[in-house]
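Take a look at the protein below.

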Amino acid sequence: MPVRFVTLVVVVSVVCVWGTLSGDLRLVNNGYEGLLVTITDEVPQQHCNHVVQGLKAVLRELSRQMWTATEGRASLREVTVALPRAWRTDALTCSLPKSLPVSTAPAEGHIRVTTPHPVFGSRPWTQQSQGCGRSGDFIHVGEDMLKADSAESHILTSRLLLAEWAKFRWGVFDERGHTNDPLYPSTFRDPDTNQWVATGCADGFVKGTTCDSSQSGCSFLPEPHANNHLASSLLAFPDFPSVRHLCKENNHNKEAPTKHNSLCSSRSAWEVIEHTPDFALGRNIPANTSGQDLEPLLKLVQAAGPTYVFAIEDTAAMNLQRRWEFLRKAMRRVVVYDVPNGAHVGVITFNSAGRTVAPLSFIDSEDSDMRQRVGSSLPRNPSAVRESQKCILCGLQQVLKVLRKNKKFGRDAIVILITTGSSPTSEEDVANMISLTEQNNLRTEVVLYPVTEHRSTAPTYHGLEALVEATRGSIFTVMDEGVGNDSKLKMMVALMDALLAAVQSSVPPSSPGGPVLVHSADYPGGIASISAGTFALDDSLGLDARFSVYYYDLNHVGNAIRLTAPSGHMIASVNVQEEDGDVNMIFINLGKEERGRWKYSVENSADSHQGLYVQVTARRNTSTGLAVRLWTSSGTRFLNYSDPTSAVVVFMEVREGVAPVMDARVVATLQRLGTNETGSNYEPVLLNLWDNGAGDPDITRGDGVYSRYLPRLAGGPGRYLLSATVDHNEGQAVVAQGPPSRPRVPLPPHHLPHYFHQPELGTWGDAGTCCGSSLFYFHSRTAPPFQRHLTFGVLEVLSSPNQRDLTPPSRILDLRVEVNDTVHEIFLRWTAPGDDWDVGSAHHYQAVVAPQWKEARAFQGDTLTGLPRPLPAGKLHTTNLHFIRYEELWYVSMRAVDAAGNKGPLGNIAALWVPRPPTTYEITTRTHPSLTTLGNYAMPSELGSGRPLGMTELRAEDVAVIVGSLVGFLVVATTLASYCYYHTFRRRKQSGKHEDVKTVVHGDNGSNSSGNADVSLAIKTESSVNEGARGSHESIHSSANDNTSRKPLDVVSHSSGQSWGTANLPRENGADMPGEPLATFSSLDGRPPFPDVTVTDYQASSGGGQTSLHMPYVHEKAADHYEVPSLAYSSYNAGWEEPLTSHLLSQVHTPAPTPAPQQFSLPQADRKRRNVTQV
């Protein structure tokens, strides 16, 4: 039978809307307090002095520069620096006080000092997972940036760090361009001069060497020491010594293709910052402060193991069914098997008063006796005190008594509160609890056990949300699962998961010793069968990895438990399995077994109302291994689906150490808790999370952050469980890597990395900057098999969705224009949005093209019709356009519309520039369907027929173009007719003289060195281009008659964009000839025999069919060459070279890369043009 993977309990991380990790960080009276800087375990202790002293200098300078950039509105006031647990502060390499205060609440800091990143090296960078105005996740700083010993180096580091602080705290984005980035290039055309200028925002002209950003490797190079007149912007040029400010509205460049403009709707950085909670509504107005007051107060602490105190409700309500028994078993499981080593654990119970059952005890190892004592400390039976008499405040007061007996480890503790939550807590008690927790810096995790579902009545709320939010805690929910006087095993396993999640929430994902849930699956009973599945073990898991089977009754588990290792070796589990009856668990230790993908099978004999539950758990053995984190953009667990503006995004971060893991499979699951009217479980909703960098919601591709909008839940009000699984995607997941060794490049004068090094794809340097549309990693390796199962929480849906669809499609933020110079077509590419945000498929697209950026921004201009039908969300669109407005700057904007008429927000504006075609003839190998016009372009329908438009929609200049085209066509046709008549008459008189030649260029021994087919070139002799020279124009036909012994050819192969039939070529040169064989010549040295003909960049034609020209985006695998059709035209229409009213040849496709064709071995000097030149 199919396996159902279900998470039974979830954690609701109550996250402030103002950021994920902001926590205590706040701006009070123009000074930031609560800033946490962590130094990770990867930084060796011998670097202690350099890193700590450098950090002090950098933070001091950062505070001063922040004061300048914000014009007296913000600085650093208090900073806590957490040192690694493994550092010995009394060592010679770490001359710090012997006894530092300890921090028993491990956390990943706002700023993290660690090893170099595989892309950015030691340069500071910010991970941003949410949109404009939303704070980032963290700032990463490589330790090398802090080891410099000069004040000038610290000033540069502070300036770079300030730019990243603006992204992290205020939700602004990069205002610089990036090499080879299709969305945010390093240069762009200035709309006033049409010249290439540096992409960015500045208060003056940026001097430097520009280039055509459409060319690979184009990178703007500033002139050394020539930009000292610039004072902004830090988001564009933080390396410039004179830059100290951010762009404001008066000097902001809205047209520049920057990430900030795209995501923030072209608002200036300062406009966005002024509307953040730090400064909105007149908060933190400019103040006058002396330089002495700007130096922050640094507090050094050393990380220690966490401190947990379990506060458990002990009332008569726990005596129903098997609630108390299950609670005792769950407590034993979490303390004995899940709590990390080095933790302190205590237990108290409360009803009308509090009582200590286990004082604060140190858990030093896995075999510590304290695990058994504390885990089994609960009394065998609950009290008879009625639930209505319980006093949660009394329980919290008892917790403080336990903590005060151990002053060193009593602060920063985690209180895990287990209560039924069936009756609300008074507001007065909640206020008193908040005051106590804030005074003692406690964090509260609430587990509601159990919650009884009443379909006929509204849910009863416990009133503890304010406490959880104030202490930055979480709420876990366990549903009541009973059958008569009995309880289901499902409820016990759910409570175990709840307590495990509470412990996990207080331990950073990368912390050594943290508990990990690798795999979780439930198998219903009632049918005697074999329950089978798979899981994966990786090197980041410790020696305590175990495979566990949870049962209601021991007889429900058959004798056959089989495990098959990745190598195929089968473990005889009868000899190695162990039983823990106090937890209802059979387990097998796998700590020393091989890593990789395992298979298992369990004989399932459970009853129909029970089942078996299989879990694989472990603890992390290193901080550099796989780390995953799951969260949402919502600041509350209550969702109002009747409000379309309350969209919620779910995120998962997957990384190995500091390196992102890309192309993993991440699947989120939404499961409504409880049962439907028939008593069955609700069907789950599965949602694949993407790291595609489409912009809405995923910000950057390849950063290891996967995201997606939560879909509309049609089930109505209720509790919905959110969980997620991640694995190695059948071997497709890869880990970003830097080069094996990173060369040390000395800093240049003024320490400006831009002045001496520009990072490009395939090169390495510390000047890597964050972040464009994708992370350009230099190397990668295949990720080993891995698997994780994470829970987030129960989302409380308060209202049903509206009967009328009010949710629009998401923004199109990756629209880009790519020009193919060979065929003079423009390729529009974008990622398809959905019907509701990024779920489903939109109904249709709307797009406009305008000559002014402001018009495109206002969605005004000429409308494009015949746009392709929207693909499912996440798919890539490619549409081509033939545009005749040469060397003019135009702008394209696009949005999606759903079936209900909801229009998606406007996305990025793409610039359009088409170079003027060369004066020589170029034949584009494409079919010409009937075209209709609209402005300067037309798009055919999907079948190739255009959509007719009225003449009233044509402008005066369009009419002039059409009339001019017709007149030009008549003139050219008349000229050609006269020429043909004259040429035919002269040929009859001067047959055999001055012949034009059809040439086939061979390589050695009649073929090129690559084994390719012959290259056929149509040329004219000098007499054919010099008027009066020998007085005639000869045809190829004359040459053919004199060389009848040569091999006839069927195809004349031109360039990669041309492929004609042989019989057609002479007609294009004015000859009227039968199909006699043509002459061929071979050069003696392998070079073309005619020096006035150049063959360049030749690509052999592929098979017939229609053109499939694919311009690869950053995250696609680019083909070496593109598929080229071999079409035969019966005649060449000279009118094609006239300025046609522009048209759009639309063909929606997702082309696959084609094999690279072989090329002729010709001298490199001859590879200069893409087209065969007629001379």
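Is Thr115 buried, partly exposed or exposed? This is a predicted model, and in it the relative accessible area of Thr115 is 23%. Buried means under 20% and exposed means over 50%, so a residue in between counts as partly exposed. Thr115 is therefore partly exposed.

Now find Thr115 in the chain. Thr115 sits in the loop between β8 and β9 (125–127). Which residues does Thr115 touch, leaving aside neighbours within four places in sequence? The contacts are Glu42, His140 and Val658. Thr115 and Asp144 are 29 residues apart along the chain, yet 8.2 Å separates their C-alpha atoms.

Step back to the whole protein. The chain has 1175 residues, and 58% of them are buried. Its secondary structure includes 16 helices and 54 strands. Take the contacts between residues at least 6 apart in sequence: 78% of them join residues at least 24 apart.

Next, go inside. In soluble globular proteins, nonpolar side chains tend to be buried together. The largest nonpolar core here has 63 residues. Tyr32, Leu76 and Trp165 have the most contacts inside this core. Several elements give two or more residues to it, among them β4 (35–39), β8 (111–114) and α2 (151–170). The largest share comes from α1, with 9 residues. Follow Trp165 for a moment. Beyond the residues up to four places away in sequence, Trp165 touches Leu25, Tyr32, Leu35, Met66, Leu76, Ile139 and Trp170. There is also a second, separate core of 47 residues. Val334, Val347, Leu378 and Met585 are included in this second core.

Now try a helix. How far apart are the end C-alpha atoms of α5? Helix α5 covers residues 323–338, which makes 16 residues. At 1.5 Å a residue, α5 should span 22 Å.

Finally, look for empty space. Rolling a probe the size of a water molecule over the atoms shows where such space is left. The protein has 16 cavities of 30 Å³ or more.

Notes: Residues are numbered from 1 along each chain as its sequence is written. This is a predicted model: local features need pLDDT of at least 70, side-chain atom pairs count only at pLDDT 80 or more; totals for chains, interfaces and linings use all residues. Side-chain values use heavy atoms; hydrogens and water are left out. Helices (H or I, at least four residues) and strands (E, at least two) are DSSP runs, numbered from the N terminus. The expected span of a helix is 1.5 Å times one less than its number of residues. On a 1 Å grid over the protein atoms alone, a cavity is a set of points where a 1.4 Å probe fits but cannot get out, and a pocket is an open set with protein on both sides within 12 Å along at least five of seven lines; lining residues have an atom within 4 Å of a point. Grid points are joined across faces, edges and corners, and a volume is the space filled by probe spheres set on the points. A nonpolar core is a set of buried Ala, Val, Leu, Ile, Met, Phe, Trp, Tyr and Cys residues joined through side-chain atoms within 4.5 Å. Buried means under 20% relative accessible area, exposed over 50%, partly exposed in between (1.4 Å probe, protein chains only). Contact means heavy atoms within 4.5 Å.
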